[in-house]
Amino acid sequence: MGTTPALRTAQPLDSSRLNPSGFSSGSRSSKTFKPKKNIPEGSHQYELLKHAEATLGSGNLRMAVMLPDGEDLNEWVAVNTVDFFNQINMLYGTITDFCTEESCPVMSAGPKYEYHWADGTNIKKPIKCSAPKYIDYLMTWVQDQLDDETLFPSKIGVPFPKNFMSVAKTILKRLFRVYAHIYHQHFDPVIQLQEEAHLNTSFKHFIFFVQEFNLIDRRELAPLQELIEKLTSKDR
């Protein structure tokens with residue numbers, strides 16, 4: 001893969017601009033692509049989210065992704081998957097005006113990577129579609145998984161299903177494709193909107209998390225491998 005603008009202009013983590021969820025407050029657009037997924041206040045998962053936010057606030061992303069002592073891995077993965085959905089939802093929401101049927105007739109991450117959509121239920125055979133359509137399908141599908149209490153139980157004592165980790169891996173693999181599309185096709189607007197620090201911090205957090213628990217196959221990460229090396233090399 002050739003060097004892209006995303007690789008040349010990737011910014012280091014700027015923890016001074018962060019609030020706990022990885023975004024600066026103030027002038028930042030609050031536009032989201034889909035409705036935000038909220039974790040119920042008072043639940044144990046809400047407490048885990050607060051723990052994650054407090055650790056993130058320190059700027060140490062390696063530490064922020066580690067499983068807290070005594071906590072359940074499924075629950076930790078669930079909380080963070082919801083958080084990444086919300087982050088990507090917000091990041092993509094800022095550039096939807098630039099991602100159109102005309103500008104992005106296929107869902108791609110550079111010239112070598114094109115994605116076709118299938119969810120195994122409503123669309124069983126992969127279909128070629130524009131990036132905005134693909135991302136709409138993808139984010140709606142993720143939303144449906146997160147809202148399914150049998151897959152993502154929010155109540156204390158309700159067990160996670162045996163296939164939970166498999167579902168979470170599929171969600172995270174697909175969310176990665178949105179990052180990849182934004183970096184390859186829309187990094188110039190991201191710079192114009194002064195969102196590159198938010199995008200880089202969010203993506204770096206995402207990569208550290210999936211690496212920590214081996215949640216995405218390395219081959220799936222290939223479209224952004226150079227960027228991943230650059231963003232993570234200082235933290236080894």
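## Helix α4

Helix α4 spans residues 73-95, and its 23 residues reach 33 Å from the first C-alpha to the last, close to the 33 Å expected at 1.5 Å a residue. That expected span is 1.5 Å times one less than the number of residues; helices here are DSSP runs (H or I, at least four residues), numbered from the N terminus.

This is a predicted model, in which local features need pLDDT of at least 70 and side-chain atom pairs count only at pLDDT 80 or more, while totals for chains, interfaces and linings use all residues. Residues are numbered from 1 along each chain as its sequence is written, and side-chain values use heavy atoms, with hydrogens and water left out.

Because 21 of its 23 residues are buried, α4 is largely enclosed by the rest of the structure (buried: under 20% relative accessible area, 1.4 Å probe, protein chains only). At the start of α4, a side-chain oxygen of Asp 72 lies within 3.3 Å of the backbone nitrogen of Asn 74.

## Nonpolar core

The largest nonpolar core has 68 residues, where a core is a set of buried Ala, Val, Leu, Ile, Met, Phe, Trp, Tyr and Cys residues joined through side-chain atoms within 4.5 Å. Elements giving two or more residues to this core include α4, α8 (196-212) and α9 (225-232). The most comes from α6, with 12 residues.

Phe 203 is among the residues with the most contacts inside the core. Not counting residues up to four places away in sequence, Phe 203 touches Phe 176, Tyr 179, Tyr 183, Leu 224, Leu 227, Ile 228 and Leu 231 (contact: heavy atoms within 4.5 Å).

## Cysteines

With a disulfide taken as a pair of cysteine sulfur atoms within 2.5 Å, the count is 0. For Cys 104, the nearest cysteine sulfur, that of Cys 99, is 4.0 Å away. Cys 104 is buried, at a relative accessible area of 4%; Cys 129 is also buried, at 10%.

Technical notes
Buried means under 20% relative accessible area, exposed over 50%, partly exposed in between (1.4 Å probe, protein chains only). A polar contact is a pair of N or O atoms within 3.5 Å; within protein, one must be able to donate a hydrogen and the other to accept it, and residues adjacent in sequence count only if both atoms are side-chain atoms.
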